[in-house]
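Welcome, and please open your viewer.

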Amino acid sequence: MKILHVSAECYPVAKVGGLADVVGALPKYQNNLGHPTSVVMPFYNNKFTQANSFDKVYEATLSLGESSIVFNVLKTTEKVLDFDVFFIDIPDLLYKEFVYSADDTQRFLAFQIAVLDWILSRKEQPEIIHCHDHHTGLIPFMLQESYKYESLNKIPVITTIHNAQYQGWFGYDKLHLIPEFDSSKTGLLDWNNTINPLAAAIKCAWRVTTVSPSYMEELKENANGLEVLLSHESNKCVGVLNGIDTEVWNPETDHYIIKNYDIKTVQSGRKANKKWLCDKFNLDETKPLFAFIGRLVGEKGVDVFPEVFKNSLEKEAISILVLGSGQPETENALNNLKPLFQGKYNAYIGYDEKLSHIIYAGADFLLMPSRVEPCGLNQMYALRYGTIPIVRRIGGLKDTVIDIDNEGFGLCHDNVNAAEVEHAIHRATVLYDNQEKFKTIRKHIMTIDHSWDVSAQAYINLYQSIN
Ligand SMILES: Nc1ncnc2c1ncn2[C@@H]1O[C@H](COP(=O)(O)OP(=O)(O)O[C@H]2O[C@H](CO)[C@@H](O)[C@H](O)[C@H]2O)[C@@H](O)[C@H]1O
């Protein structure tokens with residue numbers, strides 16, 4: 001079955017968060033299962049596009065309302081990735097140093113129209129179009145309703161919701177930008193009197209998936225306004241747990257980390273990575289190291305950190321290291337703690353792929369007090385590298401981490417508040433003090449298999465059910 005993924009992000013081409021990891025791995029595993037799978041994404045101005053040369057495979061002009069916009073479809077000259085990636089090049093709109101910005105409505109509408117115009121022109125068409133998040137949410141609608149794409153409307157289209165908090169809303173003043181359709185179908189675009197691309201995708205896609213089974217259930221109660229819609233459409237919705245790319249995320253071969261290790265050499269390998277982190281960030285390597293990696297936004301629960309860190313660093317003999325960027329007030333609060341806890345706490349505000357790998361390889365515990373966590377990849381990377389996750393029981397975290405008190409391997413809490421996170425940190429220090437148990441758990445978690453093998457097949461089964 002020929003599969004085409006449509007996405008704004010794909011690792012290692014362009015990554016803002018977990019969406020890139022998924023779209024950078026799932027196609028590889030689907031190819032391995034014998035299904036030719038490719039990705040189409042925007043052509044950004046970044047390290048990847050600067051480092052490679054590209055051939056033009058298609059050129060045309062698209063209509064965005066009254067405007068005519070020339071676009072190209074590009075492919076790398078050499079085979080760089082394990083699967084084909086096609087790039088939509090619209091210089092004025094997409095060729096930027098960033099992935100997302102304030103004028104995303106125009107940018108991603110033009111992208112989606114270009115994708116469909118290009119598919120229309122191809123002799124060999126995909127047998128499944130797999131869209132990711134709201135940036136590609138109008139594709140299911142356009143396939144079904146825009147006159148121009150009528151000949152494509154038998155191609156099954158599925159949408160995966162990686163995060164329902166973001167829906168891509170825009171006003172009716174931009175309705176005319178969508179290729180012409182029967183105006184009596186405008187309701188399919190609407191949710192609460194505004195155009196809502198994610199809602200349109202939920203209504204028009206043949207199947208809707210979320211990235212964990214628990215998140216699917218939670219969305220019926222809490223989906224940033226789409227609860228009723230998701231409950232109504234629940235027959236075509238299913239949760240498929242994300243996997244991880246075990247070639248990229250492998251402590252034995254990871255070229256980013258300071259010392260590679262496997263289950264037999266975990267002790268010395270992790271010691272070297274921890275020492276590097278502690279030297280670099282002025283932390284005490286004899287104490288348990290707690291880390292956080294991620295976007296500094298409300299849904300990750302990071303607003304509790306200033307209070308938690310202050311209290312825990314005063315009470316416990318621990319070190320804490322943060323890697324992340326996001327809301328300026330949280331960035332400032334985390335920076336402001338540095339002078340108060342020198343030698344015990346540090347934060348790198350920014351994005352650094354290499355550092356993230358070293359943290360998974362060197363920290364003892366990874367904090368994830370998420371308010372919302374559709375799946376979460378960090379806890380799975382942590383497990384593979386032998387870092388014990390401390391998570392709130394929500395979404396994919398609930399599906400992948402079991403508490404040590406329930407014969408599991410992680411530390412879990414039910415709510416996002418300072419007291420519960422502090423208590424979980426305290427429990428982690430007790431575990432750390434029992435080095436024999438700590439090391440047994442560490443070895444065990446490295447053997448848990450979260451590779452994409454199972455879930456890539458689950459998606460194939462889903463595609464086959466609608467083909
Ligand atoms: N400052 C930084 N420096 C370096 N690396 C950083 C970083 N900040 C984040 N990362 C990396 O970005 C990725 C984050 O992935 P997550 O899945 O945890 O969250 P995200 O909320 O982006 O994804 C959304 O989509 C994914 C994929 O479906 C879901 O798992 C998730 O629950 C959902 O919120 C990881 O690879 C992490 O290491």
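Start by selecting residues 104–121, which form helix α4. This helix lies across β1 (3–6), β2 (37–42), β3, β4 (67–76) and β5 (84–89), and runs at about 115° to β3. Helices (H or I, at least four residues) and strands (E, at least two) are DSSP runs, numbered from the N terminus. Angles run from 0 to 180 degrees between N-to-C directions, with axes as lines fitted to C-alpha atoms, for helices over the stretch in contact. Contact between two residues means that their C-beta atoms, placed from the backbone, lie within 7 Å.

A word on what you are viewing: the model is predicted, local features need pLDDT of at least 70, side-chain atom pairs count only at pLDDT 80 or more, and totals for chains, interfaces and linings use all residues. Residues are numbered from 1 along each chain as its sequence is written.

Now colour the strands β3-β4-β5-β2-β1-β6-β7-β10-β11, given here in their order in an open sheet of 9 strands with mixed pairing. Two strands pair if DSSP finds at least two bridges between them. At the edges stand β3 (54–64) and β11 (237–239); each has a single partner strand, so one side of each is left without a neighbour in the sheet. On average, neighbouring strands of this sheet are turned by 25° against each other, direction ignored.

Zoom in on β7 (residues 157–161) and β10 (residues 207–210), which pair in the parallel sense over 4 bridges. Click on Thr160: its bridge partner in β10 is Thr209.

**A second sheet**

Next, select the strands β14-β13-β12-β15-β16-β17, an open sheet of 6 strands in that order with parallel pairing. Here the edge strands are β14 (345–349) and β17 (411–413), each with a single partner strand, so one side of each is left without a neighbour in the sheet. Neighbouring strands of this sheet are turned by 15° against each other on average, direction ignored. Helix α13 (residues 378–385) packs on the sheet, where α13 touches β12, β15 (365–368) and β16, and its direction makes about 170° with that of β15.

Look at β16 (residues 388–392) beside β17: these strands pair in the parallel sense over 3 bridges. Ile390 stands opposite Leu411 in β17.

Where the domains touch, the contact takes 15 residues from domain 1 and 10 residues from domain 2. On the domain 1 side, α1 and α7 (213–219) each supply at least two residues, and α7 gives the most, with 4 residues.

**The ligand**

Where does the ligand lie relative to domain 1 and domain 2? Both domains give residues to the shell around the ligand, so it lies between them. Show the 26 residues that surround the ligand; the closest are Gly17, Gly18, His162, Ser356 and Cys375. A residue counts as near if its C-beta atom, placed from the backbone, lies within 6 Å.

The most comes from α1, with 4 residues.

Technical notes: Domain bounds come from an automatic or database domain assignment.
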